[in-house]
Amino acid sequence: MIGTVLCYVLLPVARLLRAFRDAFFTCRKNMLLAKSTTTHIDGLSAPISGKPVSEEQQALLQQWLEEGAGEVHASESASKPEKVPTISDAEWLEGPELLMTSLSDLNVSPQSGGQEQLPSEVQIETSPGLQEFVEVTGSLPAEEREALGDNAIWAAVRTQADPQMVEAAPLSTEVWIEDPAVLAWSPAQETDVGPTEGAVWPFQNAGQFQPLPLEIPYHEILWRDWEDLSAQACIPELSSEAGSLFEFRVMSYNILAQDLIEQSPHLYMHCHPDIMNWSYRFTNLLQEIQHWDPEILCLQEVQENHYWEQLEPTLTMMGFACIYKRRTGRKTDGCAICYKQSKFQLISASPVEYFRPGLDILNRDNVGLVLLLQPLLPENLGDKSISPLCVANTHVLYNPRRGDIKLAQMALLLAEVDKTAKMADGNYCPIILCGDLNSVPDSPLYKFIRNGQLYYHGMPAWKVSGQEDFCQNPHQRKLLTPLWPSSLGITDSCQYVSLCQSKKSDRRKYSRDFLLQFRYCDVACERPADLILLEGVTDATPDRPAHWPKELTVMNNSDPDLCYSRYPGSIQHGLNLTSAYSHFLPERGCPEITTMPMGVGATVDYIFYSAKPVKSDNEECRRMYQDGALKLLGHLSLLSEDILWSANGLPNPFCSSDHLCLLASFGLQISDF
């Protein structure tokens with residue numbers, strides 16, 4: 001009780017005494033300043049005349065600078081708003097529209113010698129007598145120059161240390177607004193205010209990235225063109241049947257979960273904290289989605305609380321219906337597929353969990369999602385029909401050393417796609433597979449998806465994804481046959497065993513037990529007449545055991561034809577998938593880039609779609625495709641590594657994820673009943 005009373009009584013009294021002391025100190029300083037015609041202090045600027053300052057005044061000024069400079073400056077700023085335009089911290093840092101306006105708060109370069117640190121972007125304005133002062137001080141003896149000390153600096157230079165007082169010209173956005181292609185998509189802040197010089201890098205060991213001026217024209221550097229592919233020879237029907245296609249756009253986007261940023265901050269040391277704020281990133285991501293206006297949206301690294309609280313309600317207002325699958329275990333992000341309800345109707349949704357207890361090859365928490373959608377035709381096409389569309393989305397394990405896990409995860413996803421996309425007649429409906437596969441083009445995993453087959457036996461696990469640049473100290477783990485146990489219920493053809501049906505073929509397959517039944521049959525115990533006689537080799541006749549029955553009862557072979565691979569040590573699938581991107585920029589002579597982990601550009605994000613394979617005499621070459629019922633009409637171009645380097649990598653103020661979005665336009669063939 002006594003402590004409570006003392007707390008409520010003594011604490012206000014202490015604060016009151018401190019306020020009186022500060023007021024007395026301020027009044028005394030003002031009286032001295034009024035009497036002195038040589039010294040004037042305004043914030044951190046102090047032009048003085050050439051007369052020396054008295055010892056008493058100099059001691060008082062030094063004490064004021066050490067003990068009460070911050071408080072006195074704040075009080076004077078509040079009492080004289082016409083001299084120093086102040087902005088509160090809340091206004092300065094609040095909201096995504098104020099992106100990077102507080103960058104100068106971090107731009108403090110340490111100075112040696114124990115002197116007071118000044119911001120690196122301090123603007124220096126010469127006083128009218130600066131040139132004369134420099135000439136005079138240059139002619140003075142060394143002792144007199146030392147006597148002047150810091151006061152000489154204040155006399156010659158007027159600084160603006162407060163970053164809020166820097167009158168930097170804001171970035172012009174007139175070009176953005178005039179361009180119709182970016183009317184609906186611009187960064188969350190319309191005018192970025194920042195210093196005209198490069199910011200001092202606030203982090204140590206920041207890697208290869210270098211600080212860049214804030215006036216970087218991101219919208220010009222990172223501009224992406226739309227490539228129209230509808231006129232290519234691979235779609236000959238388009239010119240004659242222009243109205244027989246159901247057109248839609250598909251976007252695949254790894255939006256970078258906020259929890260992953262906080263768990264691995266060292267990966268984003270090249271980014272200013274303001275642009276990594278979720279409120280800013282969320283606004284930018286939505287503007288980007290709204291600008292490109294896809295009908296199907298496949299998202300990866302979607303944080304669960306952000307999905308339910310922000311993404312799902314906002315996308316619903318934009319006309320989307322959303323399906324979400326969170327990663328298993330303690331992971332907080334997952335995958336989502338969203339589709340425009342005016343364009344598609346949901347038939348089925350199948351989440352895929354890759355984690356299998358007790359299996360080392362499937363011990364990670366990644367997931368996938370497979371949807372079967374029915375396109376909705378306009379009412380004026382009453383007698384027309386269109387096939388369903390299977391859409392899959394996944395985020396495969398990153399670890400470059402565990403390619404065996406990546407192959408097993410992909411096999412599980414393809415088995416679910418095979419189950420969902422297979423129609424009653426045994427054929428597959430059109431398929432679109434999106435996701436972050438954490439594998440580069442022409443890697444074994446990529447070839448498996450695109451070519452439909454991979455011989456893996458003896459392959460080092462770290463080679464599967466082709467990410468050798470990110471694989472430090474790779475384990476000498478090799479892929480062996482079989483890749484996964486039969487208890488998983490997945491065949492080497494990436495199909496569920498329970499759904500396999502025996503194929504009718506001229507060449508039958510038999511199990512070992514079935515063939516052993518004929519070991520001592522009459523035909524096996526007879527020596528062929530044309531067999532060359534070799535003593536001790538071909539002159540022996542097998543002796544039938546006494547217990548072996550003379551009359552053979554043949555047991556039927558119970559093994560289904562599809563449960564065993566034609567080529568041991570290989571896996572295959574029959575979905576006929578090809579990429580919507582070529583992964584190469586011919587005009588620049590360099591590969592396309594979708595992400596820049598640790599400053600190294602790579603392509604790991606894909607949009608695959610089903611097509612018709614073209615027969616080729618050389619089966620070892622890359623499989624060729626032509627468009628079938630699902631036609632590729634165009635896609636949004638990707639960027640090269642050097643372009644992303646010029647924008648200081650990913651993320652940046654224009655792109656709020658460490659991945660670029662992929663966007664492709666398709667046409668689904670409409671047929672008569």
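Select helix 12 and helix 13 to start: helix 12 passes helix 13 in a right-handed crossing. A crossing is right-handed if the near helix is turned clockwise from the far one by less than a right angle, and left-handed if anticlockwise. Helices here are DSSP runs of H or I with at least four residues, strands are runs of E with at least two, and both are numbered from the N terminus. The model is predicted: local features need pLDDT of at least 70, side-chain atom pairs count only at pLDDT 80 or more, and totals for chains, interfaces and linings use all residues. Residues are numbered from 1 along each chain as its sequence is written, and side-chain values use heavy atoms, with hydrogens and water left out.

**Stop 1: helices 12 and 13**

Helix 12 covers residues 278-292 and helix 13 covers residues 304-317. Their axes come within 12 Å and cross at roughly 25°. That makes the two helices roughly parallel, a label for angles under 35 degrees; over 145 is roughly antiparallel, 65 to 115 roughly perpendicular and the rest oblique. Axes are lines fitted to C-alpha atoms, for helices over the stretch in contact, and angles run from 0 to 180 degrees between N-to-C directions.

Now show side chains. Helix 12 brings W278, F282 and L286 to the contact. Helix 13 brings H306, Q310, L311, T314 and L315. Contact means heavy atoms within 4.5 Å. This set divides into 5 nonpolar, 3 polar and no charged residues. Ala, Val, Leu, Ile, Met, Phe, Trp, Tyr, Cys and Pro count as nonpolar, Asp, Glu, Lys and Arg as charged, and the others, Gly among them, as polar.

**Stop 2: helix 15**

Select residues 444-451, which form helix 15. Of its 8 residues, 7 are buried, so helix 15 is largely enclosed by the rest of the structure. Buried means under 20% relative accessible area, exposed over 50%, and partly exposed in between (1.4 Å probe, protein chains only). Colour the buried ones: P444, L445, Y446, F448, I449, R450 and N451. They pack against helix 14 (403-421) and several strands, including strand 13 (453-455) and strand 18 (605-610). Step just past the helix to G452, which takes a positive phi of about 85°.

**Stop 3: helix 14 against helix 15**

The axes of helix 14 and helix 15 come within 10 Å and cross at roughly 20°. The two are therefore roughly parallel to each other. Helix 14 passes helix 15 in a right-handed crossing. K406, L407, M410 and L414 in helix 14 meet L445, F448 and I449 in helix 15. The contact holds 6 nonpolar residues, no polar and 1 charged.

**Stop 4: V396**

Move to the loop between strand 11 (389-395) and helix 14, where V396 is found. V396 is buried, with a relative accessible area of 1%. Beyond its neighbours within four places in sequence, V396 is in contact with N366, K406, Q409, M410, D436, L437 and N438. Pick D365 too: V396 and D365 are 31 residues apart in sequence and 9.5 Å apart in space, C-alpha to C-alpha.

**Stop 5: cysteines**

The structure holds 0 disulfides, a disulfide being a pair of cysteine sulfur atoms within 2.5 Å. For C429, the nearest cysteine sulfur is that of C390, 5.4 Å away. C429 is buried at 3% relative accessible area, and C494 is buried at 1%.

**Last stop: the whole chain**

Zoom out. The chain has 18 helices and 23 strands. Of its 673 residues, 45% count as buried.
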